[in-house]
Amino acid sequence: KGWLRWSAAGLAYVYMLTDKFPSGEEPEGVQFDLQASGKPTVGSALLRLITSLPSWFVVGILGYVASVVWIIAAIQVLMTETYSEGLFNFQRGVVRWQVRLLGYHSSLVDEYPPFAFDTGAEGAP
């Protein structure tokens, strides 16, 4: 579970959602809450690979779009010293989807991650 927390913090850093690089046990700047409920078996692990193909396809497309958004956001930050809330929420939604899918693949949770783009309740800092 610690590696997933660090991965979430690393993705948040790469996507410019936080300016704190994850270096310790408890990464700062990222809220991570996971209730481990998975009971992994070989069969369920293989089934997860197959059933999550549609979600991985969408995450791949979103990752490509997120890289373009990252360039736009980086230019915006350099020129105006702000990060628009729309770009921030898009990047946050992509990171959430990726981390939920990683948690499902690592058998930490049995429930298939929602096939939805969730940006969270709170706004940009």
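These legends walk through close-up views of a predicted model.

Figure 1. Let's start with the overall plan. The secondary structure comes to 4 helices and 0 strands, and from the N terminus on the elements run α-α-α-α. Buried residues make up 35% of the 125 residues in the protein. If you take the contacts between residues at least 6 apart in sequence, 66% of them join residues at least 24 apart. How confident is the predictor? The average pLDDT is 80, and 82% of the residues score at least 70. Confidence is lowest in H1, with a mean of 78, and highest in H3, at 92.

**Figure 2. Helix H3 and the side it hides.** H3 covers residues 53–80. At 1.5 Å a residue, its 28 residues should span 40 Å, and the end C-alpha atoms are 39 Å apart, which agrees. Which residues of H3 are buried? They are Ser 55, Val 59, Leu 62, Ala 66, Val 69, Ala 73 and Ala 74. Look at the spacing of those numbers with this in mind: an α-helix has 3.6 residues a turn, so residues three or four places apart point the same way. The partner for the buried residues of H3 is H4, which they pack against.

**Figure 3. Helix H4, mostly under cover.** H4 takes in residues 85–105, 21 residues in total. From first C-alpha to last, H4 reaches 30 Å, close to the 30 Å expected at 1.5 Å a residue. How many of its residues are buried? The count is 15 of 21, so to speak a mostly covered helix.

**Figure 4. The largest nonpolar core.** Here is a bit of background for this view: in soluble globular proteins, nonpolar side chains tend to be buried together. The largest core in this model has 20 residues, and the ones touching the most other members are Tyr 15, Leu 17, Tyr 83, Phe 90 and Val 94. H1 (2–14), H3 and H4 each supply at least two residues of this core. Which helix gives the largest share? That's H4, with 8 residues. Zoom in on Phe 90 and you'll find that it touches Leu 62, Val 65, Ala 66, Val 69 and Phe 117, leaving out residues up to four places away in sequence.

Figure 5. A search of the whole structure turns up 1 aromatic pair. Its members are Tyr 83 and Phe 88, arranged edge-to-face, with 5.7 Å from centre to centre and 85 degrees between the planes.

**Figure 6. A charge over a ring.** This view shows Arg 48 and Tyr 104. The charged end of Arg 48 sits over the ring of Tyr 104, at 4.5 Å from the ring's centre.

Figure 7. Gln 98 is in helix H4, while Gln 76 is in helix H3. Why does Gln 98 count as buried? Because its relative accessible area is 12%, and buried means under 20%. Gln 76 has 21%, so it is classed as partly exposed. Setting aside residues up to four places away in sequence, Gln 98 touches Leu 11, Tyr 15 and Val 59. With its neighbours within four places left out too, Gln 76 is in contact with Glu 81, Thr 82, Tyr 83, Ser 84 and Leu 87.

**Figure 8. Positive phi in two loops.** Met 16 isn't a glycine, yet its phi is positive, at about 60 degrees. Where is Met 16? You'll find it in the loop between H1 and helix H2 (42–51). Its relative accessibility is 23%, so Met 16 counts as partly exposed. Glu 81, also a residue other than glycine, has a positive phi near 60 degrees. Glu 81 counts as exposed because its relative accessibility is 71%.

Terms used. Residues numbered from 1 in each chain as written. Heavy atoms only, no water. Phe/Tyr/Trp six-rings, centres within 6.5 Å; stacked < 30°, edge-to-face > 60°. Lys NZ or Arg CZ within 6 Å of the ring centre and 35° of its normal. Expected span 1.5 Å × (residues − 1). Buried < 20%, exposed > 50% of the residue type's maximum accessible area, 1.4 Å probe, protein only. Core = buried A, V, L, I, M, F, W, Y, C linked by side-chain atoms within 4.5 Å. Contact = heavy atoms within 4.5 Å. pLDDT = per-residue confidence, 0-100.
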